[in-house]
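Please consult the sequence and the coordinates alongside the text.

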Amino acid sequence: MSKVLSGLASMAMLIAVPAFADQADHRQLGPHVHGQGTLDIAIEGNKIEMELVSPGMDIVGFEHIASTDEQKAAVEKAKAKLADVLAVFKLPAAANCKAETANVENRKETHKPGEKDDDDDDKPGAPQHSEFHATYTITCEAPERVTGLETVYFSNFAGAQLLNVNVTSPKGQTQAQMTRDKPTLDLTGAM
Ligand SMILES: [Zn+2]
């Protein structure tokens, strides 16, 4: 196959891969960094899919399995807050968006097989990493009016400092960051 043809073939493969195809493997990348979450946004037509992964430390201030009533309540409260996606990640009202699905889990971080883990999970009471993992489906009546996004994520969750954002749309892929100082995302041209 010529260079041009194989280039075209690999481009076609990239286009054919659904945005979240790597979701299952996504968390195999390594331990998270406290203070930093990731937000993946995939936009197509009038549909927006979002996936948020945040260290438990960012959201509730601890990562061990909730054992006291207070800790369990904190986890449930955080899950409820995160489930109301359009309250946390505000889209322009003119776009008329609504949340179709929201799924929030609190899960223990997985490590690569054989990877050295600082936390010895076999020891009772040893510290563990855990993450909040949320997936959302949103539809918008006027997707062309989704020009940006503003989040109260940082004011809601005291330990969160940064969100690394990946935006995928038919127009391409972009990376950005939202922070406490800049809790906004420019989506001009993404829809
Ligand atoms: Zn952690």
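Donors are here N, O and S atoms within 2.8 Å of the metal (3.2 Å for Na, K and Ca); water is not among the atoms, so sites may look incomplete. The structure is a predicted model, in which local features need pLDDT of at least 70 and side-chain atom pairs count only at pLDDT 80 or more, while totals for chains, interfaces and linings use all residues. Residues are numbered from 1 along each chain as its sequence is written, and side-chain values use heavy atoms, with hydrogens and water left out.

**Zinc site.** His32 (NE2), His34 (NE2), Glu63 (OE) and His129 (ND1) coordinate the zinc ion at 1.8 to 2.1 Å. The angles among the four donor atoms run from 98 to 127°, and the site is tetrahedral (for four donors, all angles between 85 and 135 degrees). Ideal angles at a metal are 109.5 degrees for four tetrahedral donors. Along the chain, the donors of the zinc ion follow the spacing H-x1-H-x28-E-x65-H. Helices (H or I, at least four residues) and strands (E, at least two) are DSSP runs, numbered from the N terminus.

**Accessibility.** Residues are classed as buried (under 20% relative accessible area), exposed (over 50%) or partly exposed (in between), with a 1.4 Å probe and protein chains only. The table gives values for residues discussed in this report.

| Residue | Relative accessibility | Class |
|---|---|---|
| His32 | 12% | buried |
| His129 | 17% | buried |
| Arg107 | 30% | partly exposed |
| Glu105 | 31% | partly exposed |
| Asn96 | 43% | partly exposed |

**Helix H4.** Helix H4 (residues 69–83) has 15 residues and spans 21 Å from its first C-alpha to its last, close to the 21 Å expected at 1.5 Å a residue; the expected span is 1.5 Å times one less than the number of residues. Gln71, Val75, Ala78 and Leu82 of H4 are buried. They lie on the same side of H4 because they cover an arc of only 65° around the axis, taken from the directions from the helix axis to the C-beta atoms. Asp69, Glu70 and Lys77 are exposed on the other side of H4. The buried residues of H4 pack against strand S2 (47–55), helix H3 (56–59), helix H5 (85–88), S4 and S5, where contact means heavy atoms within 4.5 Å.

**Charge pairing.** How many salt bridges does a search of the whole structure find? The search finds one, a salt bridge being a side-chain nitrogen of Lys or Arg within 4 Å of a carboxyl oxygen of Asp or Glu. Glu105 pairs with Arg107, their closest N and O atoms being 3.0 Å apart.

**Asn96.** Asn96 is in the loop between strand S3 (89–90) and strand S4 (97–108). Its phi is near 55°, a positive value in a residue other than glycine. Most residues other than glycine have a negative phi. Not counting residues up to four places away in sequence, Asn96 touches Thr139, Cys140 and Glu141.

**Whole chain.** The chain has six helices and nine strands, and buried residues make up 36% of its 191 residues.

How values were computed. Tetrahedral: all angles 85-135°; square planar, octahedral: opposite > 155°, others 65-115°.
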